Amino acid sequence: MRIDSNDLLNSILESISRIDYVHPGDIPNIDLYMDQVTTFMDEQLASTKRYEKDKILTKTMINNYVKNNLLPAPTKKKYTKEHVLMLIFIYYFKNILSIKDIETLLSPITEKCFCDNPNLDITTLYEKICISEKEEIEPLIENLKSCFEKSEKTFSDESEEDREFLQLFSFICNLSFDVYVKKLLIEKLIDGLTKDH
């Protein structure tokens with residue numbers, strides 16, 4: 001196994017620099033049927049797929065989100081722009097949080113956005129979150145470079161054959177630890193939300 005370290009790092013950094021979000025202006029201003037929602041999400045989030053055959057959202061997933069109170073029920077089988085924005089949040093959260101945690105996190109938002117007199121504009125909320133996240137890309141890139149450089153210095157006394165894999169393993173372990181710690185922190189914050197209510 002031959003891993004070119006520079007190619008690997010450059011590939012990772014290139015992927016991160018291309019990260020973008022679904023712009024609210026790209027969401028149709030008309031209510032959508034389920035098939036239209038899944039098609040829209042597949043097109044808009046295609047770059048986030050790991051494998052070509054992966055599905056972004058399925059009808060079953062959306063129905064489960066409604067059943068589990070992550071997403072308000074559609075009106076006359078049609079989903080609004082607000083539904084689509086909530087589905088985007090759910091899509092990203094579901095990779096790291098349990099369904100129950102996502103429900104706890106999103107409940108206050110759905111209560112304020114999906115009532116007769118909404119006092120929270122989900123489009124504005126979504127845009128502010130996305131702008132904030134885009135501002136974190138450069139610091140994230142710098143952090144990844146630093147983490148990668150540290151892993152390149154590990155196992156330097158190993159044979160060349162083993163060193164490459166062990167350095168890659170070290171890099172993956174460091175990234176995993178970062179994700180693990182942040183996930184614990186997120187869960188503690190969500191647990192705090194349930195204590196407040």
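The model is a predicted one.

Start with the charges. Side chains of opposite charge can pair when their charged atoms come close. Here the count comes to five salt bridges. Neither end is hidden by the cut-offs used here: aspartate 35 is partly exposed, at 44% relative accessible area. Lysine 59 is partly exposed too, at 43%.

Now move to helix H5, which spans residues 99–113. Lysine 100 and glutamate 103 form a salt bridge there, 3.5 Å from N to O. Why can these two side chains be set against each other along the helix? They are three residues apart, so about one helical turn separates them. The two ends of this pair fall in separate accessibility classes. Lysine 100 is exposed, at 54% relative accessibility. Glutamate 103 is buried, because its 18% lies under the 20% cut-off.

Helix H8, residues 160–196, holds another such pair. Lysine 183 bridges to glutamate 187, and their closest N and O atoms are 2.6 Å apart. Lysine 183 is partly exposed, with a relative accessible area of 31%. Glutamate 187 is partly exposed as well, at 22%.

Next, the backbone. Most residues other than glycine have a negative phi. Lysine 76 has a positive one, near 50 degrees. Where does lysine 76 lie? Its place is in the loop between H3 and strand E2, residues 78–79. Lysine 76 is exposed, with 76% relative accessible area. Phenylalanine 155 also has a positive phi, near 55 degrees. This residue lies in the loop between helix H7, residues 137–153, and H8. Phenylalanine 155 is partly exposed, at 34% relative accessibility.

Asp157, Glu158, Glu161 and Asp162 form a negative surface patch. Glutamate 161 belongs to helix H8. Glutamate 161 is exposed, with a relative accessible area of 69%.

Finish with the cysteines. A disulfide is a covalent bond between the sulfur atoms of two cysteines. How many disulfides does the structure hold? The number is zero. Cysteine 130 is in no disulfide, and the nearest cysteine sulfur, that of cysteine 113, is 14 Å away. A disulfide needs two sulfurs within 2.5 Å, so that distance rules the pair out. Cysteine 130 is buried, at 6% relative accessibility. Cysteine 147 has its closest cysteine sulfur in cysteine 173. The two sulfurs are 10 Å apart, which is too far for a bond. Cysteine 147 is buried as well, with a relative accessible area of 12%.

Notes:
Residues numbered from 1 in each chain as written. Predicted model: local features only at pLDDT ≥ 70, side-chain atom pairs only at ≥ 80, totals over all residues. Heavy atoms only, no water. Salt bridge = Lys/Arg side-chain N within 4 Å of Asp/Glu carboxyl O. Buried < 20%, exposed > 50% of the residue type's maximum accessible area, 1.4 Å probe, protein only. Helix = DSSP H or I, 4+ residues; strand = E, 2+ residues; numbered from the N terminus. Patch = residues over 30% accessible without salt bridge, like charges linked within 9 Å, V, L, I, M, F, W, Y side chains within 5 Å. Areas by Shrake-Rupley, 256 points an atom, 1.4 Å probe, with all protein chains shown as cover. Lys, Arg positive; Asp, Glu negative; His and termini not counted. Charge placed at Lys NZ, Arg CZ, Asp CG, Glu CD.
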